[in-house]
Amino acid sequence: MTTDCKPLLPQTGRPAEILVVDDDQRLLTSLATLLKQAGYEITEALGGHAACQVLKERTFDLAMLDLRMPGIDGFDVMAYAASVRPDCGVIVVSGESAFTAVSRALRRGALDYIKKPFDPEELLETVRNVLGQQSLLRDHADVQSRLKKSEALHRYIVNSSPDIVFMLDQDGRICFINNKVNALLGYMPSELIGQHFSIMLDEQDVARGTYAIQDTSVSSENPRTLEVRMKTRGSRKANRHFEVTAFPIDPDTWHHNTGIDDRAASQKARFYGTARDVTERKEAEAFINFQAYHDLLTRLPNRALFKDRLNLAITHARRNDQKLAVMFLDLDRFKVVNDTLGHAMGDRLLQAVTRRLEGCLRKGDTLSRFGGDEFTLLLPAIHCEDDAKQIAQKLIDALNAPFKLGEHEVFVGISIGISVFPEAGDSMDQLIQNADIAMYHVKDKGKGDYRFFTENMSIDSANRLSLERDLRLALERDELRVYYQPQVCAQSGRIIGVEALVRWQHPERGLLYPGEFLPLAEETRLIDELSERVLAKACEQVGQWIRGGHTDLRLAVNLSPLQVEHPRFVERLIQQLEAFDFPAGNLEIEITENVIMNDLDQISQKLRELADYGIRIAIDDFGTGYSSLNYLHRLPIHTLKVDQSFVRDIRNSDDGACIVNAIVAMAHGLKLEIVAEGVETDAQLHYLRKLGCHQVQGFFYSPPRPSEAIYLALQQTELKVAAV
Ligand SMILES: Nc1nc2c(ncn2[C@@H]2O[C@H](COP(=O)(O)O[C@H]3[C@@H](O)[C@H](n4cnc5c(=O)[nH]c(N)nc54)O[C@@H]3COP(=O)(O)O)[C@@H](O)[C@H]2O)c(=O)[nH]1
């Protein structure tokens, strides 16, 4: 037989390799020759020992073995081949005819038996059969091994999936669940098999879950995805979020022999699904959501959420014919704490204030941080104004006690404006704006109180806004002017000082007086910048006059409460004087009694520093504030300015004159200088002069005028006085 028609092995496509073993050389050769001629690759081994040697070195598809051989016999060779070459098939070719020997050989693994002397055809047929049979066995083993590998691979994929993979039966009981359930929720898969899926779900999500698997529109092409909360093992409340995708199993593609441990259960599987842990995403979403509607420092609702709740409350109140109150709260003296102790302490203070305010409220009320040190409060469904009054008073009282910030003890108060729906407005914006207006009225009247909005408080907000914008522009465009009003010696008529008074040269509205824009400048805190500008201009102009020969000329400037409250007030004022090289002894600052009484300790410290530097201090509008005269001893005051209302009353009644008498007498007793304001008539001047009032100021001599006019007046009076 040629190689062309060699019997090739199916898997490998090569001729089978056969080991022929016999101790009889003649038989060995004849058997080998026969097989070679049939196309097989033949190796000959003379005896058992030689056979073992060859088997040790290489493998064969088949061994043809003589059983009875001296030394190592056929059984021994079979045993050896089974241990070193388990894939090598064995056919026994032996003269042995005893049944026991044959059956023994077959039991030990021989695949067939041929008796000597053999029929060549029969032998070749047996060899072909055995090789074919062996090939089938190998194929089967190969399939089994691939199946095992494939199942291991799928099990690995399912178990190492980042998601929980599960199968449910018709009633929602778990037939299969992968190991991920242990990693994510702490359950062992085995304890869940046979349990209803609801065992893991939050109670509130069970109905949705059940509905989802009953929905007939769901299929593998159109799976249902829903978010549910799941409980970790042993917990009673759900604490993780999952996105579950599930769909019914198609019976045509579902093979039961899946390798699922509980085969009976797997056969019942009707739904397949995955559950992805989305807890982190949900938490991030919740945080972003919280951040969008809350103030992170105080954790209170922010402006947006407050407005939303107010809108709802208005709708509800309108429908039920009820009232509601909106409060606008602004902390008093917060800026001072923030500027002196720093922002970290300011933050702590806001948190502590929040806690105290919250302690005064009911569950349905909404307190929000509106921005900075401003809060808003919604009291839905109040019966009458009195309800709001009580809460407002409670809030004010709650802040009475000092706040401990580290080693510091600080006092802050609160000013509250209240608007009541529907009287003070029937829209959200109107109610907030009117509460804000009412709050500013509290601030104007001395802080630490509450007020309800009334119509006459209303200011045209559009006008206000445009004025605010114009005022900012005025600072940019340098539209502020400083006018001066002379302060005159009552005896000689000599100008001994000038009071700087701001004016605004408005491009459309003409010359504006302080009363028309200073309150707004205070509200918008533009007053700081405005005052600095006025002081700078005045120091520059009056400084020139002083250096030009009017060496004793005094410059009086008004200071706003906000300026004085500023923690760096003293430092900034001195810096400005130094910048213009203005002599400190020529400057007199005017402050009102209310400023002093706001915080006597702080102010007296600041005034002492200024007085030490040489700056003079005057109390403006003296007699009009509610002050204790006590402070006059404690503060370094140089001048009292008698308020113009008392001067005006000199001609009207004796009472008015009485007050002027008393103030002048007191000033003399305390060795203070005295300036009478608002002197308009000769009679007033005469009276004051007689009383011993040193200096006067008023239209009688001159109204406030621009610098050029005042400078001229200054020169002329000097000449007149010199001539006299
Ligand atoms: N913080 C700052 N406050 C300032 C500044 N400039 C002014 N002001 C404050 O505005 C108040 C009003 O000022 P004004 O309208 O300029 O009125 C002054 C005089 O015009 C007016 N006056 C003076 N003499 C008479 C008079 O005989 N009759 C009469 N009817 N009015 C008169 O009095 C005002 C000056 O008063 P006073 O300050 O109390 O001396 C003003 O009171 C300041 O508070 C500023 O730059 N910064």
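I started with burial: 33% of the chain's 724 residues are buried. I count a residue as buried if 20 or more other C-beta atoms lie within 10 Å of its own, exposed if 12 or fewer, and partly exposed in between, with C-beta atoms placed from the backbone. The model is predicted: local features need pLDDT of at least 70, side-chain atom pairs count only at pLDDT 80 or more, and totals for chains, interfaces and linings use all residues. I number residues from 1 along each chain as its sequence is written.

I looked up the secondary structure next. The chain has 27 helices and 27 strands. These are DSSP runs numbered from the N terminus (helices H or I, at least four residues; strands E, at least two).

I checked contacts, meaning C-beta atoms, placed from the backbone, within 7 Å. Of the contacts with a separation of 6 or more, 62% join residues 24 or more positions apart.

I then went to Asp66. An unreviewed UniProt entry annotates Asp66 as "modified residue: 4-aspartylphosphate". Such annotations may be inferred rather than shown by experiment; feature names are shortened and positions follow the numbering used here. Asp66 sits in the loop between β3 (62-65) and α3 (74-84). Asp66 counts as buried because it has 26 C-beta neighbours inside 10 Å. Leaving out residues up to four places away in sequence, Asp66 touches Val21, Asp22, Asp23, Gly74, Val93 and Ser94.

Last, I looked at α12 (residues 334-341). Its buried residues are Phe334, Val337 and Asn338. They lie on the same side of α12, because they cover an arc of only 95° around the axis. The arc is taken from the directions from the helix axis to the C-beta atoms. The buried residues of α12 pack against β11 (323-332), α13 (343-358) and β15 (408-410). Gly342 follows α12 and has a positive phi, near 100°.

Conventions:
Contact = placed C-beta atoms within 7 Å.
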